[in-house]
Amino acid sequence: MTIDACVHPLCAHKDDLRRYMGEPWRSRSFPGPERYFYPVPTGEYVSEEGEAAGNTVAADPAKLSREIFGQEGVDKAILVPLTRGVLPDLDQSMAICRATNDWLADQWLGRSEGGRFVGTIRVDPREPEQAVAEIKRWASHPDIVQIAVPLQAQRPYGNRDYLPVWQAAAEHGLPVLIQSDGGSSIDYWPSPVGYYKLFLEYATLYPINFSYHLVSLIAEGVFDRLKNFKVIFGDGGADLLAPLIWRVDKDWRPTRSETPWNSQMPSHYVREHVRFLSSRFEGPQDDHDWKTWLAVSEMSELTLFASKFPMWQYDAPSSAFKSLGDKERHAILETNASEFYGLA
Amino acid sequence: MDEIVKELVEVCAVDELGPGQSRIVDINNRSIGVFNVSGNFFALANLCPHAGGPLCRGQVTGTSVADKPYAVSWQRTGEILRCPWHSWEFDIATGKTLTDPTRSVRTFKTVVKDGHLYIETGASR
């Protein structure tokens with residue numbers, strides 16, 4: 001069995017979402033899903049011609065189903081809608097989240113695809129009251145398996161302002177996917193030292209932002225408080241985790257009195273509460289070093305396969321991770337996800 | 001064959017080391033810290049198991065405790081020793097770090113006899 005932990009379904013036209021909005025939002029303008037800063041130089045989507053173009057396929061459940069389940073042999077795909085848009089208005093941002101969730105359930109879930117598509121709801125965690133209400137609205141939907149929030153944030157996610165949102169997620173057994181997406185809804189400096197110029201810098205550096213959220217969640221005791229709280233970092237990072245978590249462990253002993261609620265070494269929270277999508281999985285150039293690297297990094301235990309169809313970094317499921325051993329490949333393509341999400 | 005024998009070495013008269021006080025003594029070329037915690041005497045090697053710092057020259061203090069995030073209280077005043085080099089915290093009574101997994105500093109048995117305080121230490125002979 002193959003589980004694809006991240007496929008992005010698209011609206012054929014961004015204005016299609018308006019059908020799922022009431023006024024005043026229905027007639028108010030909002031931005032489209034294309035990346036605002038750092039557009040991909042070769043195009044946002046996998047770019048076969050005409051009807052096979054990624055953004056055309058990903059806007060049609062039947063076509064996407066043929067592509068992912070038919071051609072690529074995936075058995076279950078987690079749909080992650082995007083809510084990109086530079087939107088300072090929190091209420092409009094949540095209105096877009098709600099419309100996106102209704103659109104997903106209406107157009108993509110519970111249809112003829114045999115339950116092979118399962119879904120993700122969007123919330124804007126800057127607005128805990130509405131975000132919690134939205135989580136409750138979907139909690140009993142049989143095909144909703146997680147909540148997605150942007151990697152972009154005004155404050156690291158361990159901050160107590162977000163706690164009600166994580167609490168609602170944990171109560172309903174829904175993991176939280178943290179993935180770069182404009183729905184933050186304001187885009188901030190992409191690095192703590194300011195703006196970089198090129199997409200290469202964005203692609204290389206932006207995912208590192210996971211580290212701020214991870215250390216914040218550990219240090220502020222969110223995992224101590226919420227035993228069922230699970231987090232997936234959608235832009236990868238398993239390959240960067242080892243030196244980071246060694247450092248946190250090292251610094252934790254001398255500073256423990258500052259965080260007395262941490263009941264265990266910081267690294268221990270990761271295995272229980274945290275996973276990474278496979279979009280980054282870097283390692284040594286020499287193949288002989290990979291066995292050691294996998295053992296040291298624990299990447300194959302912490303990574304869930306994600307094709308990211310139809311985005312530019314698409315990784316075709318049928319050929320993914322072929323260079324790894326059967327055990328590691330099986331874990332990444334199936335059991336890591338089935339266990340973490342509790343998918344049958 | 002070497003034989004380890006227990007040896008009692010006098011530190012001081014009991015009334016020279018009051019509650020909350022400590023001193024460092026050299027016994028058989030080994031630096032040992034002796035602490036009076038509320039009338040109970042404890043002796044620890046003056047050598048932090050982390051990086052070899054002079055542990056017993058650190059601050060005798062308490063520690064913060066929290067049942068849940070942010071609900072911090074200050075407890076165990078006078079029972080905790082903090083290494084002056086990297087701030088690792090040790091329970092003076094057991095020699096163990098407060099962090100889990102624990103690490104331990106070597107401890108020595110103390111004996112009070114006839115108004116005098118002794119450390120029981122092993123010596124090869």
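What we have is a predicted model, in which local features need pLDDT of at least 70 and side-chain atom pairs count only at pLDDT 80 or more, while totals for chains, interfaces and linings use all residues. Residues are numbered from 1 along each chain as its sequence is written, and chains are lettered from A, with ligands numbered from 1, in the order in which they are written.

Let me start with chain B, which has 0 helices and 9 strands, where helices (H or I, at least four residues) and strands (E, at least two) are DSSP runs numbered from the N terminus. Its C-alpha atoms fill a box of roughly 55 × 35 × 20 Å along the principal axes. Of its 125 residues, 25% count as buried, meaning that 20 or more other C-beta atoms, placed from the backbone, lie within 10 Å of the residue's own.

Turning to the contact between the chains, 14 residues come from chain B and 11 residues from chain A, two residues being in contact if their C-beta atoms, placed from the backbone, lie within 7 Å. On the side of chain B, the largest share, 4 residues, comes from strand S5 of chain B, residues 59-66.

Finally, in helix H5 of chain A, residues 163-171, the buried residues are Val165(A), Trp166(A), Ala168(A), Ala169(A) and Ala170(A). These pack against helix H4 (128-138), strand S4 (144-150), strand S5 (176-179) and helix H8 (222-225) of chain A. After H5(A) comes Gly173(A), whose phi is positive, near 65 degrees.

Notes:
Buried ≥ 20, exposed ≤ 12 C-beta atoms within 10 Å, placed from the backbone.
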